Amino acid sequence: MLKRMFAAVLAATLLTGLTCGRSGGAPERPSGAVKLRALTGEAIPLAASPVVYSVLSPTASGTKVERNGSATIDYSNAQDGYIMIKWSGGGSNPKIKVRITGPKCPDVYQYTLRTDGNYDVFPLSDGDGTYKVEVWQNVYDNKYSQVLTAKVSAQLTDQFAPFIRPNQYVNYSDNSAAVSKAADLIAEAGAGDNLSKVRVIYEWVVSSLTYDKQKAANPPKNYVPNVDTVLSERKGICFDYAALMSAMLRSQGVPIKLVVGYTSSGQYHAWINVWSEDGGWVDSMIYFDGQVWSLMDPTFASSSNKNQSVMEFIGDGTNYKEKFVY
């Protein structure tokens, strides 16, 4: 029996790597400095659909923390699938990285931490288990020194927890224009179940956004999407498509996994997987064309105006290999 599942895909060239320049003479290497590998994304689990139709805003409750004069790791709400970290060490344009090692994923999730004194939110994508969380500061070139670490044991309230809330890559709030737009679209369409909501949001994103070729040709380093900016400008790179659709759907109670991986041509991309009430998690991205289900990638579909050869490429699940999930 054909599963009634729908997962919209969004392709994205995600920036990886750690490029840290220096000026003047070579500084003396600080004690304990180590070289970090190229930075990439992170990972995630599965489960059964929650009844949620409003933004579940992360909070730094302060009941379980590791802190020093430079950083704070707040894991008070690890049961809800996230931790929060902020930098308070000052410095002139410091380069700060977060590394999260989960209980399942063989790769370490690495992020660039904001340095404006506000918290960033990071998902515990591996589900239940023990996580090692580290904060590292750049000391020179691509050498980093560890500033703070925490051991976080998580027993999630449900398996959807990391995928129904905002995080650094899928960042939105009650006041986000993307959330308001999603609510209007869902209400106008009368969409009730998850697949109906996905169809409405997917069709709007594909028809409303254009692929930003100039930005894609020279993407910003350590890029983090701003979903409201993408919504306002109506254009973006693949990661923008993925983040916007994920934010809009999560805000409407649809569990979403933003997945990072590779196409068969070696491109680093992002897409989204959706929870269906009828079939559970979809581990490959599926598109319904009115007759059959096939793999769908909204960025490719939009930029090619649904060119048949592109659609055939999208419809072949062997063209995508999952690496990280957010």
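This guided tour moves through the structure one selection at a time and describes what is found at each stop. The model is predicted.

**Stop 1: an open sheet**

Begin by selecting strands E2, E3, E4 and E7. These four strands form an open sheet in the order E2-E3-E4-E7, and their pairing is antiparallel. Strand E2 (65–67) and E7 stand at the edges with a single partner strand each, so one side of each has no neighbour in the sheet. On average, and with direction ignored, neighbouring strands of this sheet are turned by 20 degrees against each other.

Next, display E4 with its two partners. E3 and E4 run antiparallel and are joined by four bridges. Within this pairing, Ala71 stands opposite Trp87 in E4. E4 is also joined by four bridges to strand E7 (residues 120–123), again in an antiparallel arrangement. Here Tyr82 has Pro123 in E7 as its bridge partner. Is E4 mostly covered or mostly open? Five of the six residues of E4 are buried, so that the strand counts as mostly covered, given that buried means under 20% relative accessible area.

**Stop 2: Leu124 and its surroundings**

Select Leu124, which lies in the loop between E7 and E8. Leu124 is buried, with a relative accessible area of 0%. Which residues are in contact with Leu124, apart from its neighbours within four places in sequence? They are Ala78, Gly81, Tyr82, Ile83, Tyr131, Ala154 and Pro162. Leu124 and Asp80 are separated by 44 residues in sequence, while their C-alpha atoms are 8.8 Å apart in space.

**Stop 3: salt bridges**

Keep Asp80 in view and turn to charged side chains. Side chains of opposite charge can pair when their charged atoms come close. Asp80 lies in the loop between strand E3 (71–74) and strand E4 (82–87), and Arg165 lies in the loop between strand E9 (143–154) and helix H1 (177–189), so the pair ties together parts that are 85 residues apart in sequence. Asp80 is buried, with a relative accessible area of 17%. Arg165 also counts as buried, at 14% relative accessibility.

Select Arg99 and Glu134 next. These residues form a salt bridge in which the closest N and O atoms are 3.5 Å apart. Arg99 belongs to strand E5 (residues 96–101) and Glu134 to strand E8 (residues 129–140), so this pair links distant parts of the chain, 35 residues apart. Both Arg99 and Glu134 are buried.

Then select Arg114 and Asp116, whose side chains meet in a salt bridge at 2.7 Å, N to O. Are these two residues buried or partly exposed? Arg114 is partly exposed, with a relative accessible area of 31%. Asp116 is partly exposed as well, with a value of 46%.

**Stop 4: aromatic pairs**

Colour the aromatic rings. The whole structure contains eight aromatic pairs. Select Tyr109 and Phe324: their ring centres are 4.9 Å apart and their planes stand at 65 degrees, so the pair is edge-to-face. Tyr109 is in strand E6 (residues 109–112) and Phe324 in strand E17 (residues 320–325), and the pair links parts of the chain 215 residues apart. Tyr109 is buried at 4% relative accessibility, and Phe324 is buried at 0%.

Move on to Tyr169 and Tyr326. Their ring centres are 4.8 Å apart and their planes are at 65 degrees, so this pair too is edge-to-face. Tyr169 lies in the loop between E9 and H1, and Tyr326 in the segment after E17, 157 residues apart. Tyr169 is buried, with a relative accessible area of 10%, and Tyr326 counts as buried at 1%. To finish this stop, select the cluster linked by ring pairs: Tyr109, Tyr111, Phe122, Tyr169, Phe239, Phe324 and Tyr326.

**Stop 5**

In soluble globular proteins, nonpolar side chains tend to be buried together. The largest nonpolar core of this model has 66 residues, and Ile83, Ile85, Ile201 and Leu244 are among those with the most contacts inside it. Helix H5 (residues 238–250) supplies the largest share of this core, nine residues. Select Ile201: residues up to four places away in sequence aside, Ile201 touches Ala182, Leu185, Ile186, Met245, Met248 and Leu249. Finally, select Phe160, Trp271, Trp275 and Trp281, which are included in a second, separate core of seven residues.

Conventions
Residues are numbered from 1 along each chain as its sequence is written. This is a predicted model: local features need pLDDT of at least 70, side-chain atom pairs count only at pLDDT 80 or more; totals for chains, interfaces and linings use all residues. Side-chain values use heavy atoms; hydrogens and water are left out. Helices (H or I, at least four residues) and strands (E, at least two) are DSSP runs, numbered from the N terminus. Buried means under 20% relative accessible area, exposed over 50%, partly exposed in between (1.4 Å probe, protein chains only). A salt bridge is a side-chain nitrogen of Lys or Arg within 4 Å of a carboxyl oxygen of Asp or Glu. Two strands pair if DSSP finds at least two bridges between them. A nonpolar core is a set of buried Ala, Val, Leu, Ile, Met, Phe, Trp, Tyr and Cys residues joined through side-chain atoms within 4.5 Å. Contact means heavy atoms within 4.5 Å. Axes are lines fitted to C-alpha atoms, for helices over the stretch in contact, and angles run from 0 to 180 degrees between N-to-C directions. Rings of Phe, Tyr and Trp (its six-membered ring) pair if their centres lie within 6.5 Å; planes under 30 degrees apart count as stacked, over 60 as edge-to-face and the rest as tilted.
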